[in-house]
Each structure stands twice: as C-alpha cells, then as structure tokens.
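Colleague: I'd like to learn how to read a few features of this fold. Could you take me through the helices, then the strands?

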Amino acid sequence: MPELPEVQTTTSGLSGVLPKQTIKDVWTDWPKMFHLSQDTVLASEITFHNFKKALIGAKVISVSRRGKNIIFILSNGYAFIVHMRMTGHLLYGKYIYKNKKWVPKEEGPLNDPFNRFIHVVLTLSSGNKMVFCDTRKFGRFDLEKADAIEHSPRLSHLGPEPLEKTFTLKVFRKRLTLRPRGKIKPVLLDQRTVAGIGNIYSDEMLWLSGIHPETKIEKLKEGKIKELFVAMQKVLKGGIESGGDSMSDYRNILGERGKFQEKHNAYRKTGKKCSKKGCDGIIVRKMVGGRSSHFCSKHQKLFK
DNA sequence: TGCAGTGTTGCTTC
DNA sequence: CGAAGCAACACTGC
C-alpha cells in the first residue's frame, strides 16, 4: 500500500479506536515478520515470543505516523513500529478463529478475499482485533523502547514530513541538494529526502509540476522546484482526502477502498492521452531507477 | 510459463 | 564518496 496518504488514513483510523485499550494476546503464523531492536541473532520464534511478552498486558497510549511507519506507544515503556511495505494493511473489528482461519464475525467490508493473507492478530480489551493482512509477507513489526523511538533504525534516517508546517520550500531545496547529481524520481523515492513518498504519488506530483522523472536535481530550475514543492503537498493531501489509493491491495481499517486511484493522471495511465488542459501528449512508461515511471512525454520535458 | 509489482536494504561495480 | 544496477524478501495475478 502504503505511501504517506494510505499510512495516514490507517493511522487516523487506529488512533480513534486503540488508545486506552489493553493488548490481551498476539497471534502470528509468520514469526519472521517480528524484530527486536538490536536483535540479529535470535531465532524468529524466540523473537516473536519476546515481542509478544512485551505487548501482552500493555495499554496503547497513542498511534502516530512517521513516513510510511505506524508507531504504537505503549504504557509499559515499549513501543512498536509497523511498516506495511508493498501489500500490507491493518484492519480493526470483530474476528473469530475458525477452521484454522481468521474470519470477520459480521457481514460488511471486512469480508474480503484478502483475509486469507492475515498473518498477525492482536486481541484487545474491547474484544475487537487489530489484524495485519499482507499478501507478500514483506511487512514488519519492530519492537523498540518508547523513549528511544526516534533513534530506531526504522526512523532515524527519515527526511522531513512533507505536510508539517516546518516543511518549507527552503527545507525542500536543501533536502534535494543532498543528491545533486541524482535523478528526481529516485531522489523523491529516497526516504532520506522527504519521508513518505512512493511510486504512485511521485509519478503524480511530477506530472502535476511538469517535470520529467529523469531530470537531474542540479538541472531543476528554481521555479520547477517550487512547482514540485506545491504539487507534492497538493497530491499528498488529495490522497488523504480520497481515503488513500486502492488500485491494489490497500484498504482502510474497516476494509473499505480509498478512491485516489480514480484520480490518477499519470500512474498506470500508459497509452492514455494526457489529461492536462491544453496538452495533447500521451502517457508513457519507462523504468527509472529500477521502478516503473509514468509520465507525459510532451509536458514533462527532459532538460539536460 | 514468465514477469511485473504501492517498499526497503544491502551488496557490487564504476 | 556517490550513483546505479541488481538481488533478496514471498506471492499473486495478468
């Protein structure tokens, strides 16, 4: 899923229901997903056992987002971080374990074919479950000490939050100059530049600001940096307002789809006419930095 | 049957 | 040192 708008949608949902609840149990069928900070030696079953021990009996204090990570602060001094990677999503509701499978107790959007990929279940004091569903099993749970959370290797390298008030054009310009000879698309995907941007939203913000994904940072005109800065915030806010992007696996915590996929101008629009007003270009697809990029070959010109 | 894929990391090469 | 390419992770769907 999971770029900033999807992770924000999930975080907002969970922060409305989890705080003040106690974690009663933790279940998994894939212990490799769990990691303890500093731990590189323990077998996955032992790691999971210790992870579970730290969570059971603790109360959730808060749920927040940093980049594409969701941070759960607990009452006992621990915290854990969830990263959904490519296909993960977190759900919340009533589930029962039947015939070695987790199934929603009631009718509704939680009844989804993706349920066969449920790999983690937290039981909460309300009787509801927080469920982690992840087709490709790339997602991860990291246990940390709450007071050292910002030093976690999951978070410490992250660039600024693009929707915070302190993220100014000046800050953005400075971040970009960390890699002056890099191409703009891979630099945007680098979480050290700005936290939370992924393949869908980077294509959309480059389309909106009229920048070719292979433009070198040092070749970006000052005006274009500003256009990209404005487009970045507009596109990310648009994603949040749409409830995220469900072109693929993403669902909100109630199992509902977001709508941003209906608003794409570039991402997976290969062969379509460019929808920019007055532009008659065609959207093309090209691998840039190992990821597929979608852009208009007419209004997103490459300046060398 | 083959390959791309919303992400990240680590290794290698230039 | 930095940029770029690639493999690995694991699995589905086209």
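Modeller: Helices (H or I, at least four residues) and strands (E, at least two) are DSSP runs numbered from the N terminus. Bear in mind that this is a predicted model, where local features need pLDDT of at least 70 and side-chain atom pairs count only at pLDDT 80 or more, while totals for chains, interfaces and linings use all residues. Residues are numbered from 1 along each chain as its sequence is written, and chains are lettered from A and ligands numbered from 1 in the order in which they are written.

Colleague: So which residues of α1 are buried?

Modeller: They are L4, P5, E6, V7, Q8, T9, T10, T11 and L14. That is nine of the twelve residues, so α1 is largely enclosed by the rest of the structure.

Colleague: And what do the buried residues of α1 pack against?

Modeller: Contact means that two C-beta atoms, placed from the backbone, lie within 7 Å. The buried residues of α1 pack against β3 (60–66), β4 (69–74), β6 and α6 (222–241).

Colleague: How do I read the crossing of α1 and α6?

Modeller: Axes are lines fitted to C-alpha atoms, for helices over the stretch in contact, and angles run from 0 to 180 degrees between N-to-C directions. Under 35 degrees counts as roughly parallel, over 145 as roughly antiparallel, 65 to 115 as roughly perpendicular and the rest as oblique. Here the axes of α1 and α6 come within 8 Å and cross at roughly 40°. That makes α1 oblique to α6. The contact is made by L4, P5, Q8 and T9 of α1 with L236, G239 and I240 of α6.

Colleague: At what angle do α3 and α6 pack?

Modeller: At about 110°, with the axes of α3 (residues 169–176) and α6 10 Å apart. The two helices are therefore roughly perpendicular to each other. L169, F172, R173 and L176 in α3 meet I225, K226 and F229 in α6.

Colleague: How many residues of α5 are buried?

Modeller: Ten of the eleven in α5 (residues 199–209), which is mostly covered. The buried ones, among them Y201, M205 and W207, pack against α4 (184–189), α6 and β13 (291–296). Just after α5, G210 takes a positive phi of about 65°.

Colleague: On to strands. How are they held together?

Modeller: Strands of a sheet pair through backbone hydrogen bonds, either parallel or antiparallel. Two strands count as paired if DSSP finds at least two bridges between them. In this model, four strands form an open sheet in the order β1-β9-β10-β6, with antiparallel pairing. Its edge strands are β1 (23–28) and β6 (88–93), each pairing on one side only. Neighbouring strands of this sheet are turned by 15° against each other on average, direction ignored.

Colleague: Over how many bridges do β1 and β9 pair?

Modeller: Five, between β1 and β9 (residues 118–124), in the antiparallel sense. The bridge partner of I23 in β9 is L124.

Colleague: What do β3 and β4 form?

Modeller: A hairpin with two residues between the strands; G67 in the turn has a positive phi of about 60°. β3 and β4 pair in the antiparallel sense over six bridges, and V63 has F72 as its bridge partner in β4.

How values were computed:
A residue is buried if 20 or more other C-beta atoms lie within 10 Å of its own, exposed if 12 or fewer, and partly exposed in between; C-beta atoms are placed from the backbone.
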